[in-house]
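Subject: Structure handover

Hello,

Here is the structure I said I would pass on. My notes on what was found in it follow below.

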Amino acid sequence: MAKRDYYEVLGVEKTSTADEIKSAYRKKAIQYHPDKNPGDKDAEDKFKEAAEAYDVLSNQEKRQRYDQFGHAGVGSSAAGGGYGGGMSMDDIFSQFGDLFGGRFGGFGSFGGFGGFGGGGRSREQQVSRGADLRVKVRLTLKDVANGTEKKIKVKKYVPCKKCHGSGAEDDRSVVTCQTCRGNGYVTRVANTILGQIQTQSTCPSCNGQGKTIKNKCPECNGEGVVRDEEVIDINIPAGVMEGMQLSVRGKGNAARRGGVNGDLFVVIEEEQDKELIRDENDLVYNLLLSVPQASLGDTVEVPTVEGRAKVKIEPGTQPGKVLRLRGKGLPSVNGYGTGDLLVNVSVYIPEELSSDEKNSMQQLLSSPNFRPNQSMKEKIFNKFRNLIG
């Protein structure tokens, strides 16, 4: 079955903000959640479909590729098969469950639908998730062209070495929660005019973990994490652009008491090159010729990402002419070829002349070959009209 447009799946516009997309996904996830629709295969498919759409549209880099190339631009997550890009239910809950209160667990803990209508699945113990981190990395044009590996030092929460992240002084200090008896949730029964209604909620004593700590680790005071620094290797692919965001799974803050680490998001910043200007995957160089060079022709050198390249200037080259060096630009981050180097020709006119230079120019002024004819005037006029049209 052909895949639906991701914006259509979430019911948002292509101009929607990140917050609007998040809100739309949350509504869809609640509407089609398995606990709310037990045994409904169609609802489960739509639940996975919404998760797949949000996975792409919530990520700036993936969304940019999707907007440009459609499903083909987001790789395996769009390469046929069932909805969800091959993600299991546990993958969806673990990846997006923090949208519903910062914790996630099994089917019954997502969005508070455990025991919905008395027929939901049993809850699993909830697991804490560490906060995500965001860092900026500055790249040169050569880094962008070839891809690079960066080592960055990040201040973040890491597992406590003394207790190995458990938060307990020793193994005997971790005990089953007496309030929920290890279930992670408590059940309450209320009498109403419609009869008894049973509800389930996160255990207030253990926060859904099913265990409590009798004696806390003195190093981390029972949190299981401490503030420290970590050097992280980041592989940056060739062709990335300013503002793109790469994600490194599991390299964010460590979670309390052995939970799941958050992610590290790397925001790309480009250093401005001294000679080359980037235009998508093309590079632009402004070449300034003298009047004799443009008139007589010459061989000049122009900069490229990898060094210098020789370019032949034909006699009579006009200002505004663009020379194209194919394949000398930047690679596409999606692997769709390489851009070109565009050499934009300008001609330098001296502002001051010596007496001899003035005499020489005066002689040229009287030469018919140095006076623009009607054909040349029309050619320049048409080029200018196309430029501003």
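How many disulfides does the structure hold? This is a predicted model, and the count in it is zero.

Cys160 takes part in no disulfide, and the cysteine sulfur nearest to its own, that of Cys163, lies 3.7 Å away.

The largest nonpolar core has 37 residues. The members that touch the most others in this core are Ile152, Ile236, Leu264, Leu287, Val302, Leu341 and Val343. Leaving out residues up to four places away in sequence, Val343 is in contact with Tyr285, Leu287, Val302, Lys321, Val322, Leu323 and Leu325. Another core lies apart from the largest one; it has 20 residues, including Ala24, Tyr25, Tyr66 and Val74.

On the surface there is a nonpolar patch formed by Leu353, Met361, Leu364 and Phe370. Together these four residues have about 340 Å² of accessible area. Leu353 sits in the loop that runs between β17 (341–348) and α8 (355–365). Its relative accessibility is 33%, so Leu353 counts as partly exposed.

Last, the backbone. Most residues other than glycine have a negative phi. Which loop holds Arg181? Arg181 is in the one between β5 (174–176) and β6 (185–192), and has a positive phi of about 60° without being a glycine. Arg181 counts as exposed because its relative accessible area is 67%.

Glu280 is another residue other than glycine with a positive phi, in this case near 55°. Glu280 is found in the loop between β12 (277–279) and β13 (282–290). Is Glu280 buried or exposed? With a relative accessibility of 52%, Glu280 counts as exposed, the cut-off for that class being over 50%.

Regards

Terms used. Residues numbered from 1 in each chain as written. Predicted model: local features only at pLDDT ≥ 70, side-chain atom pairs only at ≥ 80, totals over all residues. Heavy atoms only, no water. Patch = residues over 30% accessible without salt bridge, like charges linked within 9 Å, V, L, I, M, F, W, Y side chains within 5 Å. Areas by Shrake-Rupley, 256 points an atom, 1.4 Å probe, with all protein chains shown as cover. Salt bridge = Lys/Arg side-chain N within 4 Å of Asp/Glu carboxyl O. Helix = DSSP H or I, 4+ residues; strand = E, 2+ residues; numbered from the N terminus. Buried < 20%, exposed > 50% of the residue type's maximum accessible area, 1.4 Å probe, protein only. Core = buried A, V, L, I, M, F, W, Y, C linked by side-chain atoms within 4.5 Å. Contact = heavy atoms within 4.5 Å. Disulfide = S-S within 2.5 Å.
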